[in-house]
Amino acid sequence: MPEQKPATRPETICTQAGLHQLESRTVPLAPPIWQTSAFAYPDMEAMDEIARGEEPGFIYARYGLPNHRQLELALASLEGAEDAVVTASGMSAIAATLFALTIPGERVVADTHVYRGTRLLLERDLARFGVIVDFVDCGDLEAVAGALERPARLLWVDTLTNPTLRVRNLPRLAALARAAGALMVVDNTFATPVHCRPLSWGAVLVVHSTTKLIGGHHDASGGVVAGPAAVVETIRGQVVRFGGRGGAFDSWLIQRGLVTLPLRAAQSSQSALLLAERLAAHPMVQAVLYPGLPGHPEHRLAERLLRDGFGAVVAFEFAGGEPAVRRFVRALRLVRFAETLGGAVTTLVHPATTSHRSLPVSERERLGISDGLLRLSVGLEHPEELWQDLEQALGHI
Ligand SMILES: Cc1ncc(COP(=O)(O)O)c(C=O)c1O
């Protein structure tokens with residue numbers, strides 16, 4: 001760059017103040033937040049080299065910032081994937097994956113128990129784009145084999161179903177998908193890579209809402225898709241064209257959450273198991289759905305697929321339906337009623353009046369979501385104090 005006299009005018013000094021790279025032989029111990037919407041090239045030759053992929057370089061926030069890339073590399077490595085792309089939300093990752101990998105006339109087979117947002121996107125948007133969408137109960141392997149007799153591009157399942165906590169047989173489903181020439185995508189949000197790595201069971205892609213356990217603090221929104229580099233590259237292009245990246249700060253917060261993910265996941269799982277056992281023994285609780293309980297229909301499968309715990313989420317049911325739920329929620333003191341999961345603060349949601357509110361009662365009941373069902377996401381409070389809160393609230397129903 002040609003030599004230039006130092007600026008003396010306040011307007012120029014103020015505007016250019018943050019642009020000078022400070023020299024330092026040391027590197028920061030925590031990642032900086034790259035809060036910029038674009039990067040300046042030293043000259044047009046550098047732009048050509050970066051555009052041709054001959055030199056590394058960041059260009060524009062929507063294409064990806066250093067905070068996105070750092071998180072991508074960490075999450076790919078956690079999931080045992082070649083590469084990953086991070087997005088503004090779990091839904092952004094799911095949408096980019098579905099739209100990047102299908103064309104009108106192709107078919108997607110998805111679990112009837114798939115996350116409600118995914119289901120709405122499949123039914124309302126992917127179908128409108130001309131993709132054929134069929135739902136099948138992925139707990140019924142024969143039904144899945146039947147559904148895959150007709151060509152399908154994708155088989156979509158969640159490791160643990162939301163909110164009923166059924167465990168999907170990932171190795172068997174992956175074998176069925178592979179034999180049918182379909183790519184299996186697993187939403188691993190509930191299990192986290194600490195407890196389950198779907199790629200190791202034969203899935204081709206894994207997606208997460210990193211808003212949940214991976215971020216872990218109820219303060220950031222994000223998503224990720226991880227898998228083979230070439231497929232991830234196709235999805236990355238879709239993310240960029242959709243404008244689905246999200247900001248640097250959210251990725252920074254999620255990366256910070258990642259530091260304690262194994263510790264948080266272990267503690268939440270341990271507390272969740274304790275609370276599930278106590279809830280199951282309580283006379284006011286009709287049923288408890290938690291893969292860690294020996295009575296869970298897929299407990300043996302969960303023991304095989306999940307390691308170091310069975311996850312933070314417990315579902316339980318009251319015989320007294322919605323009136324009992326309302327009295328219980330009103331009496332809670334520590335546990336917060338909020339439409340999310342996976343954070344440090346323990347939260348509780350009533351699927352019948354929140355995520356599944358718009359469904360006809362008959363369909364809700366077919367999915368096992370009764371008016372008395374609650375979904376608890378166990379956080380990091382002391383488990384005995386969480387139990388005290390739940391127990392005293394149970395006294396009010
Ligand atoms: C299993 C699962 N997948 C995806 C999502 C969507 O994530 P986000 O809210 O970050 O878009 C959620 C949100 O609750 C979820 O529970």
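Strands here are DSSP runs of E with at least two residues, numbered from the N terminus. With that in hand, welcome to a short tour of a predicted model. Our stops are Thr87 in strand β1, the annotated Lys212, and the two ends of helix α2.

- Strand β1 covers residues 83–87, and Thr87 belongs to it.
- Thr87 counts as buried because its relative accessibility is 5%, and the cut-off for buried is under 20%.
- From Thr87, the side chain reaches the backbone nitrogen of Ala93 at 3.4 Å.
- Setting aside neighbours within four places in sequence, Thr87 is in contact with Ser92, Ala93, Gly222, Gly223, Val224, Val239, Gly244 and Arg245.

**Lys212, a position with a record**
- UniProt, in an unreviewed entry, lists Lys212 under "modified residue: N6-(pyridoxal phosphate)lysine".
- If you are looking for Lys212 in the structure, go to the loop between β6 (205–209) and β7 (223–227).
- Lys212 has a relative accessible area of 17%, so this lysine is buried.
- Its contacts, leaving out neighbours within four places in sequence, are Thr189, Thr340, Leu341 and Gly342.

**The two ends of helix α2**
- Helix α2 spans residues 44–51, and at its start a side-chain oxygen of Asp43 comes to within 3.3 Å of the backbone nitrogen of Glu45.
- After α2 comes Gly53, which has a positive phi, near 75°.

How values were computed:
Residues are numbered from 1 along each chain as its sequence is written. This is a predicted model: local features need pLDDT of at least 70, side-chain atom pairs count only at pLDDT 80 or more; totals for chains, interfaces and linings use all residues. Side-chain values use heavy atoms; hydrogens and water are left out. A polar contact is a pair of N or O atoms within 3.5 Å; within protein, one must be able to donate a hydrogen and the other to accept it, and residues adjacent in sequence count only if both atoms are side-chain atoms. Helices (H or I, at least four residues) and strands (E, at least two) are DSSP runs, numbered from the N terminus. UniProt positions are given in the numbering used here, feature names are shortened, and annotations may be inferred rather than shown by experiment. Buried means under 20% relative accessible area, exposed over 50%, partly exposed in between (1.4 Å probe, protein chains only). Contact means heavy atoms within 4.5 Å.
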